[in-house]
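This report describes one protein chain. It covers the overall fold, the core, the salt bridges and a surface region.

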Amino acid sequence: MLAPAPAYATNLNDATVEAARAAIGASLVDAQVRVGEVQLYVHRDGLVPAMIALRDTRGLEYQQLMEIAGVDYPERPERFDVVYNLLSLTRNHRVQIHVATDEDHPIPTVTDIWPVAGWLEREVFDLYGVIFDGNRDLRRILTDYGFRGHPLRKDFPLTGYTELRYSEEDKRVVSQPVALAQDFRTFDFMSPWEGAEYVLPGDEKAAAGAALPQAKGAQTPVSADAVQKAGAAEAAKAPPKASSEPYAKTTAEGTGDTGKGAAEADATPKPADPDVTPSKHGGQNQ
């Protein structure tokens, strides 16, 4: 295995752009090379002739339609891009065809050129709501029966509109509007050792001293580096601890005094076994 993915020729990009300009003509809005791939922007009214030219023109010969994808740009007047990925087996080269539209203007179907486009166009219609004029079986293909909306649009709510549940009363699965126990919240996944950068509800008092590190091991909103620097600064400021009982002797007077302890006031022989109590006569109980 020479490569982890199928390799295709990239030295044909410039020649492909020039050949596509000549073959497509006025229907070609723009052509460019991005990240090693040729991207052709075609007007939707000239899509079918452009696809036939890309398939049949000598020097292009894109025989296979590999995929159709949708992209949503809500800020644009024509918010959708339908992207066709074509493959040339004879030239070992790929090309992308971009067509812009909105939810009111249909795109001509390419099922008469590549029959596999029937299922691919149904996916884009189901998930984005793009209409393909001429598709004889334009039905939903991924979502459930009675599904409302198009789930891959940027303005589609993350929770959806309806939910399914089993009803004990009806003894069947019912569809009902989404009822959330609480409002949707966004969560961050920062390290708990670093702490969050916002103030939790009810923690306003702690936010006043958030700039100062707390005790070591306590939860703190500052970073670990700040805690380490603050601990080193406190240790430098602290005075050295003084001994409560100064030594009577700082040095031993001789080798015999080394390790020698003072005699106790009641220096009496201790029992050999500490658990045995001495008797009256100084012996040990047996």
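How many of the 286 residues of the chain, as a percentage, count as buried? The share is 26%, where buried means under 20% relative accessible area, exposed over 50%, and partly exposed in between (1.4 Å probe, protein chains only).

## Basis

This is a predicted model, in which local features need pLDDT of at least 70 and side-chain atom pairs count only at pLDDT 80 or more, while totals for chains, interfaces and linings use all residues. Residues are numbered from 1 along each chain as its sequence is written, and side-chain values use heavy atoms, with hydrogens and water left out.

## Overall fold

The chain has five helices and nine strands; helices (H or I, at least four residues) and strands (E, at least two) are DSSP runs, numbered from the N terminus. Their order along the sequence is α-β-β-α-β-β-β-β-α-β-β-β-α-α.

Contact means heavy atoms within 4.5 Å. Among contacts between residues at least 6 apart in sequence, 45% join residues at least 24 apart. The chain exposes about 20,600 Å², and carbon and sulfur atoms supply 55% of that area; accessible areas come from the Shrake-Rupley method with a 1.4 Å probe, and for residues only the protein chains shown count as cover.

## Nonpolar core

A nonpolar core is a set of buried Ala, Val, Leu, Ile, Met, Phe, Trp, Tyr and Cys residues joined through side-chain atoms within 4.5 Å. The largest one holds 34 residues, of which Leu40, Met51, Leu54, Tyr84 and Ile97 touch the most other members. At least two residues each come from α1 (13-24), β1 (28-34), β2 (37-42), α2 (47-56), β3 (64-72), β4 (80-88), β5 (93-101) and α3 (117-128). The most is given by α3, with five residues.

Leaving aside neighbours within four places in sequence, Ile97 is in contact with Leu40, Val42, Leu47, Met51, Leu54, Val82, Val83, Tyr84 and Leu86.

## Salt bridges

A salt bridge is a side-chain nitrogen of Lys or Arg within 4 Å of a carboxyl oxygen of Asp or Glu. By this rule there are eleven. One of them joins Arg79 and Asp155 (3.4 Å, N to O). Arg79 is in the loop between β3 and β4, and Asp155 is in the loop between β7 (132-133) and β8, 76 residues apart. Arg79 is buried, with a relative accessible area of 12%.

Arg136 and Asp112 also form a salt bridge (3.7 Å, N to O). This pair connects the loop between β7 and β8 with the loop between β6 (107-108) and α3, across 24 residues. Arg136 is exposed at 70% relative accessibility, and Asp112 is exposed at 62%. Arg139 and Asp137 meet at 2.6 Å, N to O, with Asp137 partly exposed at 32%. Salt bridges that share partners join Asp72, Arg79 and Asp155 into one network.

Ser167 lies in strand β8 (residues 162-167) and is buried, with a relative accessible area of 5%. A polar atom of its side chain lies 3.4 Å from the backbone nitrogen of Glu169. Not counting residues up to four places away in sequence, Ser167 touches Arg172 and Val174.

Val173 lies in strand β9 (residues 172-177) and is exposed, at 51% relative accessible area.

How values were computed: Polar contact = N/O pair within 3.5 Å; in protein donor to acceptor, adjacent residues only side chain to side chain.
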